[in-house]
Amino acid sequence: MRRSGRIRLGKAENFTVMSADNIYNLVNYSSGVRIIGSETAARCDLPGMKNEGAIDNKPASESQRVCVRLADPSSPESLQLFQHLWEELGRLYGHTGPCEFVPADVEGAGDAFVIARLDKQPVGCGAIRPLEPGVAEIKRMFIEPAARRRGIGQRILLELEKVAGVLGYVTVRLETGLRQPEAIRLYERAGYKRIECYGMYAEDPLSICMEKRLN
């Protein structure tokens with residue numbers, strides 16, 4: 001996302017520029033999560049608003065403390081989340097050296113990047129980017145350890161799927177690893193099915209690839 005709060009978005013092969021406020025108008029916001037530009041203050045859930053953490057529209061205090069918004073992947077807080085994700089993957093899979101995740105990975109045409117906040121503090125992120133026509137790939141999914149088991153990963157995933165639908169994608173794919181059972185369970189609960197590993201993951205014995213068709 002550009003610092004002006006406008007992002008370049010794509011549908012199929014016809015790319016346009018759309019403001020974040022226009023995305024908000026198009027996305028189903030029944031979850032109470034508003035997608036907004038990087039220069040605007042986040043609007044978190046309001047008391048009594050229907051959301052995924054509430055039943056029969058009853059307030060859910062934990063959910064009301066969480067908001068998810070489009071964000072600038074080159075902001076300091078985004079870079080910090082990338083660093084923490086890199087370090088966690090390093091502990092799990094033995095990566096070494098400086099972080100290889102860069103903002104340019106998720107700020108091109110057809111990309112979108114979101115940050116989740118708990119009590120206004122950045123605690124997680126996620127992104128989508130084009131994989132092939134009609135197919136988006138989820139990248140950079142991460143939740144800070146202290147903020148896990150609060151449904152934040154589900155909130156990020158839901159928002160990414162909503163944005164993907166607005167951008168014209170019909171299918172979402174992702175890759176995760178055998179050493180990340182919590183991530184695997186999150187995706188399975190969200191309706192993702194295992195598929196044959198694709199691209200750079202095809203020969204990786206630790207990779208698991210999954211796919212979901214959007215409604």
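This is a predicted model: local features need pLDDT of at least 70, side-chain atom pairs count only at pLDDT 80 or more; totals for chains, interfaces and linings use all residues.
1. Glutamate 161 is buried, with a relative accessible area of 12%; buried means under 20% relative accessible area, exposed over 50%, and partly exposed in between (1.4 Å probe, protein chains only). Glutamate 161 belongs to helix 4 (residues 152–166); helices (H or I, at least four residues) and strands (E, at least two) are DSSP runs, numbered from the N terminus. Leaving aside residues up to four places away in sequence, glutamate 161 touches Tyr192, Lys212 and Leu214, where contact means heavy atoms within 4.5 Å.

2. Residues are numbered from 1 along each chain as its sequence is written, and side-chain values use heavy atoms, with hydrogens and water left out.

3. The protein chain has five helices and nine strands. From the N terminus on, the elements follow the order β-β-α-α-β-α-β-β-β-α-β-α-β-β. Of the 215 residues in the protein chain, 49% are buried. Among the contacts with a separation of 6 or more, 56% join residues 24 or more positions apart. The protein chain exposes about 11000 Å², of which carbon and sulfur atoms supply 50%; accessible areas come from the Shrake-Rupley method with a 1.4 Å probe, and for residues only the protein chains shown count as cover.

4. Seven strands form an open sheet in the order 3-4-5-6-7-9-8, with mixed pairing; two strands pair if DSSP finds at least two bridges between them. Strand 3 (66–70) and strand 8 (193–195) stand at the edges, each with a single partner strand, so one side of each has no neighbour in the sheet. On average, neighbouring strands of this sheet are turned by 30° against each other, direction ignored. Strand 4 and strand 5 pair in the antiparallel sense over seven bridges; isoleucine 115 has cysteine 125 in strand 5 as its bridge partner.

5. Two helices pack on this sheet. Helix 3 lies across strand 3, strand 4, strand 5, strand 6 and strand 7 (171–177), and runs at about 85° to strand 6. Axes are lines fitted to C-alpha atoms, for helices over the stretch in contact, and angles run from 0 to 180 degrees between N-to-C directions. Helix 5 (residues 181–189) touches strand 6, strand 7, strand 8 and strand 9 (207–213), and its direction makes about 160° with that of strand 7.

6. The buried residues of helix 3 are Ser78, Leu81, Phe82, Leu85, Trp86, Glu88, Leu89 and Gly90. Their cover includes strand 4, strand 5 (121–132) and strand 6 (135–143). Glycine 94, with a positive phi near 85°, follows helix 3.

7. Rings of Phe, Tyr and Trp (its six-membered ring) pair if their centres lie within 6.5 Å; planes under 30 degrees apart count as stacked, over 60 as edge-to-face and the rest as tilted. By this rule the count comes to four aromatic pairs. One of them, phenylalanine 82 with phenylalanine 113, is edge-to-face, at 5.4 Å centre to centre and 65° between the planes. This pair links phenylalanine 82 in helix 3 (residues 76–93) with phenylalanine 113 in strand 4 (residues 112–118), 31 residues apart. Phenylalanine 82 is buried at 1% relative accessibility, and phenylalanine 113 is buried at 3%. Tryptophan 86 and phenylalanine 101 have ring centres 5.3 Å apart and planes at 90°, so this pair is edge-to-face. Tryptophan 86 lies in helix 3 and phenylalanine 101 in the loop between helix 3 and strand 4, 15 residues apart; both are buried.

8. Most residues other than glycine have a negative phi. Arginine 140, in strand 6, has a positive phi of about 55° and is buried at 10% relative accessibility. Arginine 149, in the loop between strand 6 and helix 4, has a positive phi of about 65° and is exposed, with a relative accessible area of 74%.
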